[in-house]
Amino acid sequence: MKNKRIGFATRMGAVAATVGSAVGLGNIWRFPYQAGENGGGAYILVYLICVLLLGVPIMMSEFVIGRSTHKSMKGAVEQLTPGSPFKYFAYIGVLGALLICGYYSVVCGWVIEYLWSSVSGNLLGHTTEQYSQIFNTFVGNPDRCVLWTLLFLLLNFLVLSRGVEKGIERIANVMMPFLFLLLIVFCVNSLLLPDSDEGMEFLFDIDFDDLGWKGVVDAMGQSFMSLSLGVTCLITFSSYFKDDSNLMKDAVTISSLDTLVAILAGIMIFPAVFSFELEPNAGPKLIFEILPTIFQQLPGGTIWAVLFFVLLFFASITSTISLSEISIAFLIDEYKISRMKAIAITATLMTIVAVLSALSFSTLSDIQLLGRNIFDFLDFVGPNIFMLLGGLVTAVYVGWVLKKDVIHNQLTNGGKHKASFVQAYVVFCLRYIAPVAIVIIFLYYIGVI
Ligand code: PHE
């Protein structure tokens, strides 16, 4: 079967769809909880440095690989550098994406649970302590958690079976601006709460004592998670880009918007956390504890809650669609099977991972890997190992192996745009900074430092 690649209709379409993929639970759920666990300001500073020195250059390098060949990772490497072993990195990407999408779908299930209880009018009207208990009772209920996770995956694969263009682009284009506006409203609301300045101090006062190595690792992993790096997602995405799109501008726009959304999520969450005397280091449940309290402050709270969870649902599904697309595109390109077959295989594997993760707060809570339950294990291994490893391979491949003129041609569209500084910066980061930084992290894991 010939694999037809569909170009995005306009530059905006391509950028919006990629932003749709990048912005998701990573920004709104994971970033605040990680910042909370790692002491706030210093973590955010390291996060921003990671975006600048690693995120943007690696994003551009994924774009170079995808757009120059219009293929996903394995085919692209075969075309660009025949015989190169770098093509095997595709397997790490596919495996990483399957694992990440598996546990991520569980959080999408939580979003559906909260949407459902908002719609049915049961979400609000409790005390802050009760919200914490409500969340714990919910994740401790295996049937409910699995049910919502499966429902989410069903919707995800339903959209995918209708094709990339229709599925991803339409949803991303319409929903993202609304989510952005809503975040701004909630930020203003949080800033008006009593003692909101304590939350802002937590977010923006830099104190390295609270950070440590763990914080640095988490910030790096989170920057890859949020920008969707290292699992070949952006290679697959950019393989659909048109040849005249400006990759430098697109990478900067996408990274900036994605980072802005994460920071807004922080400003929405932390002033409220401090104002209501919650612990900032509550972990994965953080936003689910505090959001109902935030909605309650607003007139017509239930309507805000419904709106927010609907938009969060759409932000999440655009991310899982692109995570799933990694494996689908790989199976089609590699085994020349039909799209429907590739979807069926991907769906089956992801469902297995998702169900195991959904049960890790109840039936399977005794299973511990590296001292974590299955969900927390995947939430660690996905970003902090698979994505960083993928990022390392991408950086080395584009920085050291790929011919300079391929990079130049892609970044400048064959000399149409000036790129001397950007190109030099990107190549420097890919050659030296990213490999050194990521190798240091792996040395830390194995206890060498
Ligand atoms: N970046 C997405 C988020 O922040 C998650 C994601 C990772 C999506 C990798 C695609 C690929 O939610």
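Lysine 214 counts as partly exposed in this predicted model, because its relative accessibility of 40% falls between the 20% limit for buried and the 50% limit for exposed. Its salt-bridge partner is aspartate 218, with a nitrogen-to-oxygen separation of 2.7 Å. Aspartate 218, by contrast, counts as buried, at 6% relative accessibility. Both residues belong to helix H10 and stand four residues apart, about one turn of the helix. The pair is also part of a network of salt bridges that links Glu37, Lys214 and Asp218.

Side chains of opposite charge can pair when their charged atoms come close. In the whole structure, a search finds eight salt bridges. Among them are the following three.

| Salt bridge | N to O distance |
|---|---|
| Glutamate 78 and lysine 87 | 3.8 Å |
| Lysine 214 and aspartate 218 | 2.7 Å |
| Lysine 285 and glutamate 289 | 3.4 Å |

In the bridge between glutamate 78 and lysine 87, glutamate 78 is partly exposed, with a relative accessible area of 35%, whereas lysine 87 is buried, with 15%. Glutamate 289, which pairs with lysine 285, is buried at a relative accessibility of 4%.

Helix H10 spans residues 212-226, and the loop between helix H9 (196-204) and H10 holds aspartate 205. This aspartate counts as partly exposed, at 49% relative accessibility. Aspartate 205 contributes to a negative surface patch, whose other members include Asp195, Asp197, Glu198, Glu201 and Glu277.

Serine 228 is buried, since its relative accessible area is 8%, below the 20% limit. Leaving aside residues up to four places away in sequence, serine 228 touches Ser21, Ala22, Cys233 and Leu234. Between serine 228 and arginine 372 there are 144 residues of sequence separation, and their C-alpha atoms are 24 Å apart.

A nonpolar surface patch of about 710 Å² is made by Trp213, Val436, Val439, Ile440, Leu443, Ile446, Val448 and Ile449. Helix H18 (residues 420-445) supplies the largest share of this patch, namely four residues. Isoleucine 449 lies in the segment after H18 and is partly exposed, with a relative accessible area of 47%.

Terms used
Residues numbered from 1 in each chain as written. Predicted model: local features only at pLDDT ≥ 70, side-chain atom pairs only at ≥ 80, totals over all residues. Heavy atoms only, no water. Patch = residues over 30% accessible without salt bridge, like charges linked within 9 Å, V, L, I, M, F, W, Y side chains within 5 Å. Areas by Shrake-Rupley, 256 points an atom, 1.4 Å probe, with all protein chains shown as cover. Salt bridge = Lys/Arg side-chain N within 4 Å of Asp/Glu carboxyl O. Lys, Arg positive; Asp, Glu negative; His and termini not counted. Charge placed at Lys NZ, Arg CZ, Asp CG, Glu CD. Helix = DSSP H or I, 4+ residues; strand = E, 2+ residues; numbered from the N terminus. Buried < 20%, exposed > 50% of the residue type's maximum accessible area, 1.4 Å probe, protein only. Contact = heavy atoms within 4.5 Å.
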